[in-house]
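Subject: the structure I promised you

Hi,

Here is the structure I said I would pass on. Have a look at it first, and my notes follow below.

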Amino acid sequence: MYYSKSTGGFYDAGLHGANMPVDAVEITQERHAELLDGQALGLQIVAGVDGAPVLAQPAPPARTELVDQTLATARALRQPILGVLDGMQASALTTGDQARAVAIEAAKQGLKDITKVDLSACETEEDMRQAILLAYVGIAKALPGPVQMAFAEVLS
C-alpha cells in the first residue's frame, strides 16, 4: 500500500502499477487500517514531514461556517415555535383577544428576523449560540405569560 502527499490518496501497487504519483511512499496494511480507523473517528489523514501519512485534528471551521451553522440552528429551532404561535394567534383572534394576537404577531416577526442578530462581536461558536439564545429570550419576554410557553423547549 502506498500514500501520496500530492494527491492525499492511497494506492495499491497491484492495482495502480506504474500509475502511482512519484511522491507515493510505502506503508503497511496495518498502518493503512489505523489511518482509516482514525478518519472514521473524525481525524484527518495528512502528510507528515517525510511524506508518510499521519492522523491530525481537523482544522477548526472558518468563522463564516460557524455563523452559517449557528443561523441554521436558529432557523430549525424557530419552526416549531412559529407553529405553536400560529395556533395561539388563531385562538386569540377567534376569542376576540386582539392585544394577544398583535403581541403574537410581533413575536412571530421577531422569530423571522432572528437570523439578523448581530454576531460580529462573537468570537466562538458558544458566543454565537448565546447571542441567539438572548434574542429568543427577548422575544419571549415581550409576550404574555401563557404565550411564553411556546418558547419553553428552546429556552430550557
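Setting aside neighbours within four places in sequence, histidine 32 is in contact with Met1, Phe10 and Ile27, where contact means heavy atoms within 4.5 Å. Histidine 32 sits in helix α2, residues 29–40; helices here are DSSP runs of H or I of at least four residues, strands are runs of E of at least two, and both are numbered from the N terminus. Histidine 32 counts as buried because its relative accessibility is 14%. The cut-offs are under 20% relative accessible area for buried, over 50% for exposed, and partly exposed in between, with a 1.4 Å probe and protein chains only.

Before you go further: this is a predicted model, with local features needing pLDDT of at least 70, side-chain atom pairs counting only at pLDDT 80 or more, and totals for chains, interfaces and linings using all residues. Residues are numbered from 1 along each chain as its sequence is written, and side-chain values use heavy atoms, with hydrogens and water left out.

Now the rings. There are 2 aromatic pairs in the structure. In one, tyrosine 3 and phenylalanine 10 have ring centres 5.3 Å apart and planes at 55 degrees, so this pair is tilted. For the rule behind that: rings of Phe, Tyr and Trp (its six-membered ring) pair if their centres lie within 6.5 Å, and planes under 30 degrees apart count as stacked, over 60 as edge-to-face and the rest as tilted. Tyrosine 3 is buried, at 2% relative accessible area, whereas phenylalanine 10 is partly exposed, at 22%. Phenylalanine 10 is also one of the contacts of histidine 32.

Tyrosine 136 and phenylalanine 151 also form an aromatic pair, edge-to-face, with 6.5 Å from centre to centre and 65 degrees between the planes. That pair links distant parts of the chain, 15 residues apart: tyrosine 136 is in helix α5 (residues 125–141), and phenylalanine 151 is in the loop between α6 (145–148) and α7 (152–155). Tyrosine 136 is buried, with 1% relative accessible area, and phenylalanine 151 is buried too, with 0%.

Tyrosine 136 turns up again in the pocket search. The largest pocket holds about 330 Å³ of space. Among its 18 lining residues, those closest to its centre are Thr73, Leu77, Tyr136, Glu153 and Val154. A pocket here is found on a 1 Å grid over the protein atoms alone, as an open set of points where a 1.4 Å probe fits, with protein on both sides within 12 Å along at least five of seven lines; lining residues have an atom within 4 Å of a point. Grid points are joined across faces, edges and corners, and the volume is the space filled by probe spheres set on the points.

Which helices supply at least two residues each of that lining? They are α3 (63–95), α5 and α7, and α3 gives the largest share, with 8 residues. By type, the lining divides into 10 nonpolar, 4 polar and 4 charged residues. Nonpolar covers Ala, Val, Leu, Ile, Met, Phe, Trp, Tyr, Cys and Pro, charged covers Asp, Glu, Lys and Arg, and the others, Gly among them, are polar.

As for the whole chain, it has 7 helices and 5 strands, in the order β-β-α-β-α-β-β-α-α-α-α-α along the sequence. The C-alpha trace spans about 80 × 30 × 25 Å along its principal axes. The radius of gyration is 26 Å, while a compact globule of 156 residues would be near 15 Å; the value is taken over C-alpha atoms, and the globule rule is 2.2 Å times the number of residues to the power 0.38. Of the 156 residues, 31% count as buried.

Threonine 94 lies in helix α3 and is exposed, at 70% relative accessibility; its C-alpha is 39 Å from that of leucine 119, 25 residues apart in sequence. Glycine 8 is in the loop between β1 (2–4) and β2 (9–11) and is partly exposed, at 41%. Its C-alpha and that of aspartate 113, 105 residues apart along the chain, are separated by 43 Å.

Cheers
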